[in-house]
Amino acid sequence: MNIIYALLNKEIIKLKRSIIFYISIFLLFPLLLYLFYSIPLSLVFKNMKPIYMVWSSGGIWVLSSLFLTYLLSDLYINNCYNNESMKSFPILSYHYLFAGYIYALVIGLTEFIISIIITSSITSYYISIIHFFKIILILSPAIIMIYNISFLINKICSQSFSKNISNILIFLILSFGMGSFIPLNLFPESYMNLMLYMPFASTIYNVQNIISNEPIFFSLLFSSIFYVIIFTLLNYFAIENNIAN
């Protein structure tokens, strides 16, 4: 546990050096999503219940949490894993893995809370305490999953150009391919049925159900957990290989 704390503390010190910059990003990102996505699209989706501005809040919460976690995890991975010194320290693979997960959860859930505060102040829609903790339960596996995705892309895309292209694709897919701002039921049924069992789309769908006061689907949550387990094993062996070589 002390080793995991040491790994996290090292990264927290780096974040503190640019704390104003990161606070600005955490505050501005959900606001920009609301201004450039929710407001224009509310003119298209006029007959939704709840109204589109409220319904899209769930997409803003999840998208801002996942994408900022994805970006900051990439920085964390560069600082932690792509370092020759990791081979000389007596730190096991699961220490690196769990430290990364804790880091991602702190980043993602912090941005989630900030996003709720920002959108609620604009739309005057406030979720209950029970719904708040339900969303945290649903969102946490997706945050761990986006960290795993960030780890794999970091290892696959060694050049900055390919990584930037990957970042853009991840953002666009999360924004428009997973139901964040365009309801999944407007897509072909086969696409919707496939996406609902993907960890990010299922998370967004369940969060939107909570906002709409509809029941959540725990089968979708369990499918997200299944993906997390698979990708955790992949990343664990990747870290083992990195230490060995």
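Helices α2 and α4 cross in a right-handed sense. The model examined here is predicted. Two packed helices are described by the angle between their axes and the distance between the axes. For α2 and α4, which spans residues 93-123, the angle is about 50° and the axes lie 9 Å apart. This angle makes α2 oblique to α4. On the α2 side, the contact is formed by F26, L27, F29, P30, L31 and Y34. Helix α4 contributes I107, T110, E111, I114, S115, I118, I122 and T123. Sorted by class, the contact of α2 with α4 comprises 10 nonpolar residues, three polar residues and one charged residue.

Helix α2 (residues 19-42) also meets helix α6 (residues 160-177), and here the axes come within 14 Å and cross at roughly 55°. The two helices are therefore oblique to each other. The crossing of α2 with α6 is right-handed. Residues F29, L33 and Y37 of α2 make this contact with F171, S175 and F176 of α6. By class, five residues in the contact of α2 with α6 are nonpolar and one is polar, while none is charged.

Q208 is located in helix α8, which covers residues 199-211. Its relative accessibility is 6%, and Q208 therefore counts as buried, the cut-off being under 20%. When neighbours within four places in sequence are left aside, the residues in contact with Q208 are W55, G59, G179 and S180.

F226 belongs to helix α9, residues 218-244. With a relative accessibility of 51%, F226 counts as exposed, because the cut-off for this class is over 50%. Although F226 and P141 are 85 residues apart along the chain, their C-alpha atoms are separated by 9.4 Å.

Conventions: Residues numbered from 1 in each chain as written. Predicted model: local features only at pLDDT ≥ 70, side-chain atom pairs only at ≥ 80, totals over all residues. Heavy atoms only, no water. Axes fitted to C-alpha atoms, helices over the stretch in contact; angles between N-to-C directions. Helix = DSSP H or I, 4+ residues; strand = E, 2+ residues; numbered from the N terminus. Parallel < 35°, antiparallel > 145°, perpendicular 65-115°, else oblique. Left-handed = near helix turned anticlockwise from the far one by under 90°. Contact = heavy atoms within 4.5 Å. Nonpolar A, V, L, I, M, F, W, Y, C, P; charged D, E, K, R; others polar. Buried < 20%, exposed > 50% of the residue type's maximum accessible area, 1.4 Å probe, protein only.
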